[in-house]
Structure formats: structure tokens, C-alpha cells
Amino acid sequence: MSPWYILYCKEESPNLLPNFHRKFRNRFRLPYSNFLELVKRCTDDSNKPDGYFKRWRPGNQAAGGKPAAPLELLVLTSLRYLGRGWTFDDLTEATAISEEVIRTFFHQFCSFGADVLFKEWVRPPTSAEEAMVMCCEEYTAAGFPGCCGSMDATHVEHSRISFRNRQAHLSFKLPFPARAYNLITNHRRRIFSTTDGHPSRWNDKTLVRYDELATGLHDGTSPLCNIEFELYEYDPSTGRVRKEKYKGGWLLVDNGYLNWGVTIPPIKEANTTSEWRFSKWLESMRKDVECTFGIMKGRWRVLKSGIRVHGTDKGDRIWKTCAALHNWLLEADGLDDGWNSDWSGNLGELNEHNMPNALQTLLTLNNMSTVNYDTSGMGQGNHPQPHEGDEDVAIHHGRVIRDDTGAIIVREMSTEQFRRRLVVHFDIAFKRKELCWPTARLGREPNME
């Protein structure tokens with residue numbers, strides 16, 4: 001008869017509080033309908049002989065003859081621990097369940113999340129066709145054909161690292177021990193892949209070696225290596241614009257990763273306007289992975305305040321459980337669907353007043369607040385007519401390897417070689433005014449029910 005059970009676990013509970021669904025979502029992070037679905041899955045698991053929650057099967061009794069704690073309450077305690085970073089003692093005060101029972105259930109819940117929910121909700125596309133729907137559409141509209149995600153690493157405080165491992169988990173950036181996680185996400189903030197935790201002293205070059213999706217793209221073992229796309233380039237003999245076919249997905253990264261053809265960072269020191277535009281736009285696009293870190297640490301406070309359990313393996317299970325619930329919530333809120341663009345394709349209507357802010361930013365270098373491009377020569381296959389001050393964006397044609405269809409294989413090129421080709425493509429698409437900035441569809445409210 002604890003307050004939590006009366007307010008949240010009875011059939012009449014949604015009628016007891018005004019704005020019940022909104023308050024429940026705020027307090028436990030999940031919509032009430034998703035909470036009920038999660039409880040049902042835990043109940044079904046408890047009926048299995050080897051289930052994670054068989055100890056709390058409805059009707060079971062503890063050693064002293066008392067009935068087992070209700071699964072509904074125990075699921076709420078785990079969600080509150082993850083969402084607001086409560087202690088087990090706080091949860092005992094709110095539910096009248098012993099601290100040891102809550103602690104034991106929490107670790108089982110995180111094992112269930114890491115082994116079952118994570119495999120269900122955190123997965124990359126399994127084919128090139130699925131990748132085009134799940135991730136490539138937004139990047140292609142933004143001028144990055146073939147891109148299938150953004151990659152970066154983040155640190156999560158782990159205050160109870162064993163003393164013998166503490167030194168490796170003290171990085172140069174943080175004053176406390178932490179674990180490092182490499183993450184790949186699409187522009188909709190959906191997590192495709194994440195590594196297990198590693199010592200925070202490891203850099204990005206080391207972490208990427210343990211990311212199955214990134215190494216699969218590099219080695220050619222990932223299904224995303226079958227993504228086919230085209231890039232604009234200039235014909236060296238005629239100077240006319242043509243399209244070149246490429247094969248293989250690639251990722252947006254910062255400058256801390258390895259020199260792979262499938263990991264493209266911004267240019268550190270841009271020498272031309274086209275390189276500057278490309279780098280600024282890439283830096284803006286890859287903010288999606290940074291936003292994902294912020295959303296996860298804001299929604300699951302335990303990742304922000306620090307993990308307080310013993311054992312790095314248990315901390316990794318907490319991270320994976322939060323990642324699975326994050327993707328589940330994206331789908332529940334409808335944010336996993338395709339995104340819109342601020343503007344698309346009418347050359348006659350685009351000017352400095354109605355151009356999206358992201359495009360206006362690209363025109364600020366060297367007082368380029370307005371640019372008078374001659375679009376008369378921008379027909380299919382024609383070279384754009386240059387004006388005074390335009391750079392020659394010649395491409396460096398290095399050695400390339402093609403497949404049986406004649407497509408250039410991305411993973412066989414170096415970062416610099418492929419990036420030069422992307423800069424040329426982006427410059428042509430920009431001058432043709434074909435770029436779009438992907439945005440979430442407006443008017444959507446989070447699912448509170």
C-alpha cells in the first residue's frame with residue numbers, strides 16, 4: 001500500500017492525478033503505455049525457467065513467507081534510478097521494498113536491458129536499401145551522399161572503479177574515473193552502434209577498433225559497404241560536370257579518428273572557400289551525435305551524475321540499457337520517422353532573405369553575405385559559370401579501386417583522397433542550390449500516454 005503503488009500501479013491510477021500521463025513521463029521517463037508494455041515483458045520473462053525475473057514471478061513467496069515484491073513497483077524503481085539518479089535507500093523510502101531487493105532487481109533489469117532490449121532496439125541497418133531509409137536520406141539532402149551516420153566518443157563517470165584499474169580510467173580531461181563509449185548515430189539521433197566501455201584514457205583511434213560497425217565499413221564486412229551513390233565532379237578533359245559512381249557507406253567524425261576512407265573529418269586548415277564551406281557544414285551536421293550524448297545524459301541522470309555500482313561490466317550494462325530505452329522513446333515519440341528540410345529546390349525563390357540559416361552561414365566568408373551566381377550554365381552536365389574570386393576546385397585524381405560495375409570503392413581510399421572528392425561534390429551542389437538542412441517535422445508533441 002505504498003504511495004507509488006496506489007498512484008501508478010492500479011487500474012484506476014491514471015484517474016487519481018491531474019495531468020497523470022505528463023507527470024508520469026516526467027518522473028519515470030517512459031510514457032505510461034510503454035511502462036505497461038515493459039512490465040508485461042518482465043512478467044512474461046518471469047514465467048520462463050531461466051528468466052531474468054523468475055524470482056519475482058507473480059505468486060512467488062520470499063523465504064519468510066511474504067509475497068514477492070510486485071514487478072510493477074520494481075520496474076518503477078529501476079526507471080527512477082536511471083532517470084533521476086536516486087539511491088537505493090531513496091527508493092526503499094518510496095516503495096517500502098527492502099534496499100537489497102531493489103538492488104538485486106536493478107542489476108537483473110540492466111542485464112535484461114543489455115541482453116534483450118539492446119539487441120532489439122540498437123542495431124544498424126541490415127542492407128543498403130534499409131540504410132537509405134533509416135539514415136542516408138538526410139545526409140544525401142545535406143550534400144553528403146553515402147554517409148550513414150556520425151561517430152564520436154563520450155565519457156561517463158564511474159566512481160567505484162577498483163583501485164587497480166583506477167589509473168587507466170583517469171583521463172587527461174576529467175578529474176574523476178570514467179568509462180569511454182564510442183557511439184554511432186543517424187541524424188534522427190537513433191543509436192546504431194555503441195561499444196562496451198573502455199578506460200577513459202584511451203583515445204578515439206583506439207576506441208574505433210572496438211566498434212563493429214565502423215570496423216565493418218573499413219574491412220568490407222558490413223552490409224552498409226553495398227551502399228551505392230553518386231558524386232558530382234569535373235571532367236578533366238572538358239571541364240563539364242559529370243557524376244561518378246561510388247560504393248560503400250562512410251561516417252562523419254572529428255579529427256581524432258584514424259585515417260580511413262570511411263571516416264571523414266572536417267579540414268583543420270581550409271585553404272579555399274569550398275573547403276571552408278564543406279568543413280563548416282560537416283561540423284554542423286555531426287552535431288547530431290553530440291546532441292545524442294546530451295539527450296541521453298539529460299534523460300538518464302545516472303549517466304550525468306555518475307554510475308555508483310561496483311564492477312565495470314555492470315556499468316556497461318547500465319549504458320546499454322539507457323541506449324535501448326533511448327531508441328525506444330524515439331519511436332514512441334515519432335521522431336524516428338523521416339525528417340523534413342527547411343528549403344528544397346526552387347532556384348528562382350532562393351535569396352538571402354528566405355534562405356535557411358544553415359545556408360546563410362556558408363556565405364559569410366570574405367563578406368559573402370550575397371552571392372550572384374550565374375545559373376544560366378547550371379543545366380545538367382554543365383560547368384558553373386565562375387565569377388571573380390571563385391576558386392578552382394580541381395580534384396586530385398589518385399589511385400582508386402573499382403568493383404565489377406565500375407563504382408569506386410570508398411574504403412580503399414584514404415581520408416584525404418575521398419574528402420577531396422566530397423569537397424568538389426559539395427561545392428557544385430552548393431552553387432546549384434541543391435542543399436537542404438534536415439529538420440524534425442514540426443508540430444510533434446512527445447508521447448505522454
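Trainee: Is Asn-327 buried or exposed?

Mentor: Asn-327 is buried, because its relative accessibility is 0%. Buried stands for under 20% relative accessible area, exposed for over 50%, and partly exposed for what lies in between, using a 1.4 Å probe and protein chains only. Bear in mind that this is a predicted model: local features need pLDDT of at least 70, side-chain atom pairs count only at pLDDT 80 or more, and totals for chains, interfaces and linings use all residues. Residues are numbered from 1 along each chain as its sequence is written, and side-chain values use heavy atoms, with hydrogens and water left out.

Trainee: Where is Asn-327 placed?

Mentor: Asn-327 belongs to helix α14. Helices (H or I, at least four residues) and strands (E, at least two) are DSSP runs, numbered from the N terminus.

Trainee: And which residues is Asn-327 in contact with?

Mentor: Neighbours within four places in sequence aside, they are Trp-121, Val-122, Arg-189, Arg-190 and Ile-191. Contact here means heavy atoms within 4.5 Å.

Trainee: Arg-189 is on that list. What is its phi?

Mentor: Arg-189 has a positive phi, about 75°, and it is not a glycine. Most residues other than glycine have a negative phi. Arg-189 sits in the loop between β2 (178–185) and β3 (191–194), and it counts as buried because its relative accessible area is 18%.

Trainee: What about the phi of Arg-29?

Mentor: The phi of Arg-29 is also positive, about 75°, although this residue is not a glycine. Arg-29 lies in the loop between α2 (20–28) and α3. With a relative accessible area of 15%, Arg-29 is therefore buried.

Trainee: Back to α14. At what angle do the axes of α6 and α14 cross?

Mentor: Helix α6 covers residues 99–121 and helix α14 covers residues 312–332; their axes cross at roughly 50° and come within 8 Å. Axes are lines fitted to C-alpha atoms, for helices over the stretch in contact, and angles run from 0 to 180 degrees between N-to-C directions. The two helices are therefore oblique to each other. Under 35 degrees counts as roughly parallel, over 145 as roughly antiparallel, 65 to 115 as roughly perpendicular, and the rest as oblique.

Trainee: Which residues of α6 and α14 make the contact?

Mentor: From α6 they include Phe-106, Phe-109, Leu-117 and Trp-121, and from α14 they include Arg-317, Ala-324, Asn-327 and Trp-328. The residues of this contact divide into 12 nonpolar, five polar and four charged. Ala, Val, Leu, Ile, Met, Phe, Trp, Tyr, Cys and Pro count as nonpolar, Asp, Glu, Lys and Arg as charged, and the others, Gly among them, as polar.

Trainee: How do α5 and α6 lie to each other?

Mentor: The axes of α5 (residues 88–95) and α6 come within 9 Å and cross at roughly 115°, so the two are roughly perpendicular. Phe-88, Asp-89, Leu-91, Thr-92 and Thr-95 of α5 meet Glu-99, Ile-102, Arg-103 and Phe-106 of α6. By class, that contact has four nonpolar, two polar and three charged residues.

Trainee: How do α3 and α6 cross?

Mentor: The axes of α3 (residues 32–46) and α6 cross at roughly 110° and come within 13 Å, so these helices too are roughly perpendicular to each other. Leu-38, Arg-41 and Asp-45 of α3 make the contact with Phe-109, Phe-112, Val-116, Leu-117 and Glu-120 of α6.

Trainee: Is Phe-112 buried or exposed?

Mentor: Phe-112 is buried, with a relative accessible area of 3%. Besides neighbours within four places in sequence, Phe-112 is in contact with Leu-38, Asp-45, Tyr-52, Phe-53 and Leu-117. Phe-112 and Cys-42 are 70 residues apart in sequence and 8.8 Å apart in space, C-alpha to C-alpha.

Trainee: Last topic, the whole protein. How many helices and strands are there?

Mentor: The protein has 16 helices and 11 strands. Of its 449 residues, 52% are buried. Among contacts with a separation of 6 or more, 68% are between residues 24 or more positions apart.
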